[in-house]
Number of protein chains: 2
Amino acid sequence: MSANQNQVTLIGLGTIGISMAALHLRDPNSTIHLFDVRSDIEQHILAHLPAFLESVCPGTSVESLISSGRIKIHTTIETACSEATIIQEQGPENVSFKKSLWAQVESIAPPYAHFWSSTSGIPTSEQTADMQDKSRLLVVHPFNPPHIMPLLEIVPSPNTNQDEVDFACTYFRQVSPRHCPVVIKKEICGFVGNRLAFAVLREACYLVEQKVVSVKDLDQIMMSSLGPRWALNGVFESYNSGGGVDGFRGFLNKLEATVQGVWNDLGVMSMTGDDSHWKEYVISQTEQTYGPSSLGQTREKEEKLREVQRIQTSNP
Amino acid sequence: MSANQNQVTLIGLGTIGISMAALHLRDPNSTIHLFDVRSDIEQHILAHLPAFLESVCPGTSVESLISSGRIKIHTTIETACSEATIIQEQGPENVSFKKSLWAQVESIAPPYAHFWSSTSGIPTSEQTADMQDKSRLLVVHPFNPPHIMPLLEIVPSPNTNQDEVDFACTYFRQVSPRHCPVVIKKEICGFVGNRLAFAVLREACYLVEQKVVSVKDLDQIMMSSLGPRWALNGVFESYNSGGGVDGFRGFLNKLEATVQGVWNDLGVMSMTGDDSHWKEYVISQTEQTYGPSSLGQTREKEEKLREVQRIQTSNP
């Protein structure tokens, strides 16, 4: 496959969709077709895409990308999809929306177009329910913001053609060497990244609710130990190193009782019902600690993210 | 308090103890007293301390630190403790050992000496059981390697004097501006950092055992998303930013069903008994993926850790 023939259609242009457009624009030869049901789509793109373009093609204006034909804005899904080689949706997280969207897209898109969903939670196999050909769709789950965060979880269903999996991985590696597609071998609730994240979130909420630690101190603990370690080594390699010559086996054997003790004691939290009173306490403390984040803070953190990525990939 | 009058006694000189010695040596005016029950203590220190010194006082030899009196090596606990202002133990993770150690230390140390345990799991209140004065001891839980990893979890018992908590925090901030003492408000199994870490470890082992993802891909997922994010923002600030103008509240409201779905579905694993067959599978895959880590790899990762720390504290 050659990335320079791609006609990429993005459906749904919220924050993730706009950032995803910036990611696809890294390929200088592709055409990006944009569609959203909002009536002010052009103004919306002109207002929000520039902040995401800075790190992708600095100095380039959205207007010039439109006038040169690299970005095409569509007011109907039919024209948006008619020439597409790739169609990626970032629409509402709603099974019935996605089911009917893909059935419609299948009926209007070229037969060679690849279908990708940016969902963070709805498996491919649910989204394909009303499709004729269930082999064309897969999930490409990005992390926010997609044009900077390297991870893309590629999650096929059992019906997805292996060629589709290979194409998605090859495409993202070509478009952005910084990005990192990882294939998830089985469909599972939350995929992998968010399962790990929400396991931490649950315990973090529990420890704050139990008044063991404040929101600010918990974040400080994460930033001054686990975060940097996991940024450089991941989970298993960290413990394999920590176990010395005996590796991960040595670590587990040495700390078996401590690890089991913690596992037995981890908090169990509920988002709804009588057991959800903790939410207001933890939310309020987070709001008091941080307040709303400014665009300036967000840009600063994104720049630091890029610096961490440079360290991750640098040679000693 | 003035850090330059400190006589710091370290009891137990395994990897953590040696690295802790390097951390305390950052204070150029303190004297470090080293004691371990091993018979080859001087050879052991000469063999292992140099690698840790490089980043703390480059170009300085252990021999010169001994001859100048900055390091004093002791063969009895009585002489090691006799002049101490701070006594920190890194002995075996064994309640009866620590109980009897502190009772002995209390009987031989000056009345003004501060008592710290580097335990990763045994609470202060258990360690003080046989002490006359239970107000002097607290846990100072470091992360490996302590001379580089900034976090120190300061965990008092309900009996610990608040002045002892304040002294420990002030001491470490003075000795190393890079280090970050955080006070844990309640004694709890695993303290905070390891509870978060082991929550991730459990789910990571579950996802590998379920063949959703390989060891290598799980580490890649962590390194290309959550690790860098948590290195820069921690858990709550990350989700507060991710929620946009509605902050953490907006995030929880929007993703409530997805988060609850994942929480309901998280793996439950056991370290022992009939349910522990997963261990050999996950350990073997980790060993095949990484093998034993070399000293060179460890040093390289430590240098990268320092670079990440520079980014964390840099101004835009």
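User: What share of the interface residues of chain A are also interface residues in chain B?

Analyst: The figure is 100%, so the copies meet through the same surface. Contact here means heavy atoms within 4.5 Å. By the way, this is a predicted model, where local features need pLDDT of at least 70, side-chain atom pairs count only at pLDDT 80 or more, and totals for chains, interfaces and linings use all residues. Residues are numbered from 1 along each chain as written, chains are lettered from A and ligands numbered from 1 in written order, and side-chain values use heavy atoms, without hydrogens or water.

User: How many cavities of 30 Å³ or more turn up?

Analyst: Rolling a probe the size of a water molecule over the atoms shows where empty space is left. The whole structure has 1 such cavity (points on a 1 Å grid over the protein atoms alone where a 1.4 Å probe fits but cannot get out; lining residues have an atom within 4 Å of a point). The largest cavity has a volume of about 70 Å³, the space filled by probe spheres set on points joined across faces, edges and corners.

User: Which residues line the largest cavity?

Analyst: Both chains contribute: A:Ala199, A:Arg202, A:Glu203, A:Leu266 and A:Gly267, plus B:Ala199, B:Arg202, B:Glu203, B:Leu266 and B:Gly267. The lining divides into 4 nonpolar, 2 polar and 4 charged residues (Ala, Val, Leu, Ile, Met, Phe, Trp, Tyr, Cys and Pro are nonpolar; Asp, Glu, Lys and Arg charged; the others, Gly among them, polar).

Note on methods
1 Å grid on protein atoms, 1.4 Å probe; cavity = no way out; pocket = protein on both sides within 12 Å on 5 of 7 lines; lining within 4 Å.
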